[in-house]
Amino acid sequence: MGIGFSALCPYGSVCFLRDHYCSARVSSDCCKERRDPHMATRVRPSSKRCAIIGGSGFLGRHLVERLVDKGYTVNVFDIRQAYELPGVTFHQGDLCDRQALLVALKEVSVVFHCASPAPASDDRALFQRVNIDGTRTVIQACHEAGVQKLILTSSASVVFEGTDIKNGREDLPYAKKPIDYYTETKIQQEKLVLEACSKDKGFLTVAIRPHGIFGPRDPQLVPILVDTARRGKMKFIIGDGSNLVDFTYVENVVHGHILAAEHLKADSPLCGQAYHITNDEPVRFWDFMSQILVGLGYSAPRYHLPYTLVYGIALLLWLIAVLLRPLIRIKPTFTPMRVALAGTHHYYSCARAKKDMGYQPLVPLREAIVRTVESYPHLRKGK
Ligand SMILES: NC(=O)C1=CN([C@@H]2O[C@H](COP(=O)(O)OP(=O)(O)OC[C@H]3O[C@@H](n4cnc5c(N)ncnc54)[C@H](OP(=O)(O)O)[C@@H]3O)[C@@H](O)[C@H]2O)C=CC1
Ligand SMILES: CC(C)=CCC[C@@H](C)[C@H]1CC[C@H]2C3=C(CC[C@]12C)[C@@]1(C)CCC(=O)C[C@@H]1CC3
């Protein structure tokens, strides 16, 4: 077996021959022979060398910061470099470029893949190229670089078709009619990663399915909400306002990813599986939106509109936008997808993550909302 290749330890842990370190039982015979006792104390174990693809993004950056705190050596691979952090090496490039990826994956044993084009984009070719073809390239580069674990950020929406999901488990079938093209490619991406899991090849994979990530520096949820409020369009509640949804604080999502990486072993149930990671506190969609709005000094929506009416109007506006596209580009606020997200139940059980990796959310929803509101002083009313 060559240098840089992993072997499965008979105790079920993964041995990293590259620097003679056993991630779990350092006393096992198989590891003892290969381990240099001096190196083990001086050199950071290879299981703590990771790369975050998409590490400049919202979730990716929070993940990077936590991994650095935990003593990991971190390489970031992203199409842009958004910040600098001591202990982090940045590699700028497109994940569809295998050669560029290989440089960032050198000597790395764990890869987190949390890059994607923004869901709001309507560029289908880009989703296909990055989320599907690019993920194939990521898997191939992991094989070539001798990476042992790949943790994908998928999405709970891979099972959502725009109708109610209550306490949905991971064994729900993938959506036959996903809510948008972004989600369609997230389904393909998740399948590719989970199918690539191979104990024989020493390449283990797992998918994390978060839902409604929010927190400091999120470029989507709070900014879209405030923008809608500032344009006077946040007066209405779609439906009776009782629909429950999961919103997940970014630090809890990060915690789920790291637990997954640390529990992913050849003899663990995580191999090739998907896991919901939520705050485990489903909340009324409109209560959550109202708490953020009121926290930032805006009024909460008050007037109710029937769900089917709003959905119908959104569908009509979307059709008009599609028909007019050759002449003019219109981006309606109320897309059918947004109306479905705002007007239906969609919350998920994270019992599987609790059982298999001991997951518990670290930050409760109330505290998460306070921290989030405080982190956007520039979006307060009047600023
Ligand atoms: N935010 C949410 O509520 C949820 C997110 N997810 C998933 O979590 C992951 C992270 O999401 P989030 O942090 O919100 O997204 P962000 O857009 O903030 O982060 C994604 C990062 O990936 C980069 N990127 C895009 N294309 C490429 C490429 N071809 N090569 C290298 N880097 C690229 C982006 O750069 P650039 O910005 O320049 O495009 C960005 O820095 C995604 O996979 C998303 O699907 C799942 C469920 C919910
Ligand atoms: C739970 C989940 C998957 C959240 C993802 C975030 C976004 C899809 C939401 C962030 C702000 C939301 C929002 C609306 C829809 C869903 C969001 C875009 C509305 C457009 C719904 C209709 C309205 O009345 C206005 C809302 C503004 C905020």
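Helix α7 gives the most to the shell around ligand 2, contributing four residues. The structure is a predicted model, in which local features need pLDDT of at least 70 and side-chain atom pairs count only at pLDDT 80 or more, whereas totals for chains, interfaces and linings use all residues. Residues are numbered from 1 along each chain as its sequence is written, and chains are lettered from A and ligands numbered from 1 in the order in which they are written.

The shell around ligand 2 comprises 17 residues, the closest being Gly-212, Leu-221, Thr-228, Arg-338 and Ala-342, where a residue counts as near if its C-beta atom, placed from the backbone, lies within 6 Å of the molecule. Two or more residues each come from α7 (221–230), β12 (236–238) and α11 (336–343), these elements being DSSP runs numbered from the N terminus (helices: H or I, at least four residues; strands: E, at least two). By class, the shell has 11 nonpolar, five polar and one charged residues, with Ala, Val, Leu, Ile, Met, Phe, Trp, Tyr, Cys and Pro taken as nonpolar, Asp, Glu, Lys and Arg as charged, and the others, Gly among them, as polar.

The axes of helix α9 (residues 285–295) and helix α13 (residues 365–374) come within 9 Å and cross at roughly 40°, the axes being lines fitted to C-alpha atoms over the stretch in contact and the angles running from 0 to 180 degrees between N-to-C directions. The contact is made by Gln-291, Ile-292 and Gly-295 of α9 and by Ile-369, Thr-372 and Val-373 of α13 (C-beta atoms, placed from the backbone, within 7 Å). By class, this contact has three nonpolar, three polar and no charged residues.

Technical notes: Contact = placed C-beta atoms within 7 Å.
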